[in-house]
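Dear colleague,

Please find the structure below, followed by a short account of what was found in it.

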Amino acid sequence: MPKKPPVAIALAGALCLVTTACAGSSTDKADDTGDNASVAAARSGYPVTLDNCGVTEKYTKAPSRVVTMNGASVAEVSTLLALGLGDRVVANQQSYGMSEVAGRAKAIEALPTGDVKLNDAYDIPREAMIGLRPDLVLSTTSYGFDEKNGFASRQQLKEVGAGTYVSPQGCDQDTSKMTIADSYTLLRDMGKVFNVSGRAEKLIAASEKNIASVSAKVKGEKQPKVMVLFSNMTMGGNDFSSVVAKGIYNDILAKAGGSNAFESASTTSFADLSKEKVAATDVDALVVIAYNDPDPAAYAKKLLKEFPQWPAAKNNTYVTVSDSMYLGPSNDLAVEKIAEMLHPDTF
């Protein structure tokens, strides 16, 4: 189920926080004492320590055998690819089928899967995970490390030398408070772990610049009420159980100059709605998120035909998106695409 900066200054500050030494301070002391090992560690950017969901993880070198668990997400694998780290992946279970980023879907498809027999949750069971000999395992939420569900726990993985990481807002398996800032946190954390913080900061700066530009264009405009849902997907008992209520989607909508028509329909990320509830709500625009759906536009058109009373139907106002609406490195593309649909006269 989907849950689915000046750079030099920021980077220097980050390294001072996570490494044992910074130039001009502890490194100088290490030189004075002849502690060459400490000097080498400081210059390499290691060790790196992250506090992640109450677990302290320490990295003394960049991981080289990374496993990305499914989690019905592409956030983690997309982040690794955006940072130029695809060669570190020995087993990837994340797949989306399409992307706003040219070549990304094919790049994900080309990654090794580890030839693992998946469990009923379509993810990597404990024994298979240990057999992959990972030195880092990435999970979208803490579910992927729950021993009760047949997964290797974080402690079990630590015992075989593997680091573990749960993505932002995934600690309690509730992604309803997720924002674009969490995508930047994921980028920064992976930048630190792999000692490529410079790359991470450049990606973040570019995203922030693009979003700021788009938001400036739509500032002061009326915010249309938008229905966001996944195409051809059910998650509950009603006709519309894949309707977005909260989460990163709303942050993207707000920055694109829109608002979620169903934000109050649930306290969790998704609302499970009846057809009557959907019909009674004014929907000015439709955002269809495609998850392995070859023709999300056809689904959008079907919905607009089903609810002709919507302003969205009368004006044929819809857009389809894919992985840029998720946690990940490309949220600015979703902001831009949705804003152009909602406010075409400003572009």
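Strands (E, at least two residues) and helices (H or I, at least four) are DSSP runs, numbered from the N terminus. This is a predicted model, in which local features need pLDDT of at least 70, side-chain atom pairs count only at pLDDT 80 or more, and totals for chains, interfaces and linings use all residues. Residues are numbered from 1 along each chain as its sequence is written, and side-chain values use heavy atoms, with hydrogens and water left out.

Strand S2 (residues 55-59) gives the largest share of the lining of the second largest pocket, namely four residues.

Two helix pairs may be described next. Helix H8 (residues 180-193) packs with helix H9 (residues 197-218) at an angle of about 165°, their axes being 7 Å apart; axes are lines fitted to C-alpha atoms, for helices over the stretch in contact, and angles run from 0 to 180 degrees between N-to-C directions. H8 and H9 are therefore roughly antiparallel to each other (an angle over 145 degrees). In the contact (heavy atoms within 4.5 Å), residues of H8 including Tyr184 and Leu187 meet residues of H9 including Leu203 and Ile204.

H9 also crosses helix H14 (residues 331-342) at roughly 20°, the axes coming within 9 Å. H9 and H14 are therefore roughly parallel to each other (an angle under 35 degrees). Ser207, Asn210, Ile211, Val214 and Val218 of H9 make this contact with Asp332, Val335, Glu336 and Ala339 of H14. Ser207 and Ile211 of H9 are also among the residues that meet H8.

Definitions and conventions
Parallel < 35°, antiparallel > 145°, perpendicular 65-115°, else oblique.
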